[in-house]
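I am opening a notebook page on a structure that is new to me. I will write down what I looked up, entry by entry.

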Amino acid sequence: IPPRTSDAEMLTLAVMQALLGYTSETRFLRYARKNLLGMFPNLPLQSGYNKRLRKLATTMTWLISELGRQTSIANDDVWVVDSAPVECARSRETVKRSDLAGWAEYGYCASHSRFFWGLRLHLVCTLQGLPVGWALTGAKADEREVLNAILDATPHLGAGTRQIVIADKAYYGRGFEAGLDLAGIELLRPSRKGESPRPGQRFFKPLRQVIESVNATFKGQLDLERHGGKTVAGVCARIAQRVLALTAAIWHNDALNLSVRRSLIAYDH
């Protein structure tokens, strides 16, 4: 039976849900039936909406890359990288019976100064905040290995130039940095305790603030920490939905030639 709501309409609804701040699919569909029936006359029920979005998780990942490629800021030769916690449960009983057990695990959140149970969103983005590559892993995954995997799977949008990646102190190691150098990537990070001062590190703080600001956008405006996913497929779809929403907003702001590409103010009401 062909679906009455197309995949393109489903992806548009997913982006609108994230930008409008609806963490509940039921509440968003109630809002859509009241305000959006003129644009989406065949809205699915909540169960159908839920299943369709999970099946479209791979399409969301493709669309994130495609929208990013079409922007004028795609060829930025400076990227920033970091990870953000994605909490999935708090009570011990929930942890025991969660379908995410075995993937989600305990990790430490420095920004909240506490341990959490869940995953980490690893993000590589441009200085304008455009996501270039991302991955969702367990909370204890080695950030260096994840970065290598992201770079292997992500086309170097600044092809033909040497790419600069700005990271924090967790991305260290002679072998790790040598491997990046062979791939045409120059890693810039602050020096660790006991290391000699690294060149240019006094300039890192304002540039590192970019990725911190992007993570704050995910947490504050796109409700990353209130994703509500309870299964592996559900969490993957909801995180992809939020990355797609940010990318779509940047793509649209870029098409309008706005000075601040990452602003979501025009879309959150």
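In which crossing, left-handed or right-handed, does α8 pass α9? Before answering, I noted that this is a predicted model, in which local features need pLDDT of at least 70 and side-chain atom pairs count only at pLDDT 80 or more, while totals for chains, interfaces and linings use all residues. Residues are numbered from 1 along each chain as its sequence is written, and side-chain values use heavy atoms, with hydrogens and water left out.

Entry one, the crossing. I found that α8 passes α9 in a right-handed crossing, a term for the near helix being turned clockwise from the far one by less than a right angle, with anticlockwise being left-handed. Helices here are DSSP runs of H or I with at least four residues, and strands are runs of E with at least two, numbered from the N terminus. The axes of α8 (residues 204–220) and α9 come within 11 Å and cross at roughly 120°; these axes are lines fitted to C-alpha atoms over the stretch in contact, with angles from 0 to 180 degrees between N-to-C directions. V214, T217 and F218 of α8 make the contact with R242, V243 and L246 of α9, where contact means heavy atoms within 4.5 Å.

Entry two, the loop between these helices. I looked up D223, which lies in the loop between α8 and α9 and has a positive phi of about 55° although it is not a glycine. D223 is buried, with a relative accessible area of 10%; buried means under 20%, exposed over 50%, and partly exposed in between, with a 1.4 Å probe and protein chains only. In the segment after α9 I came to N257, another non-glycine residue with a positive phi, about 60°, but N257 is exposed at a relative accessible area of 62%.
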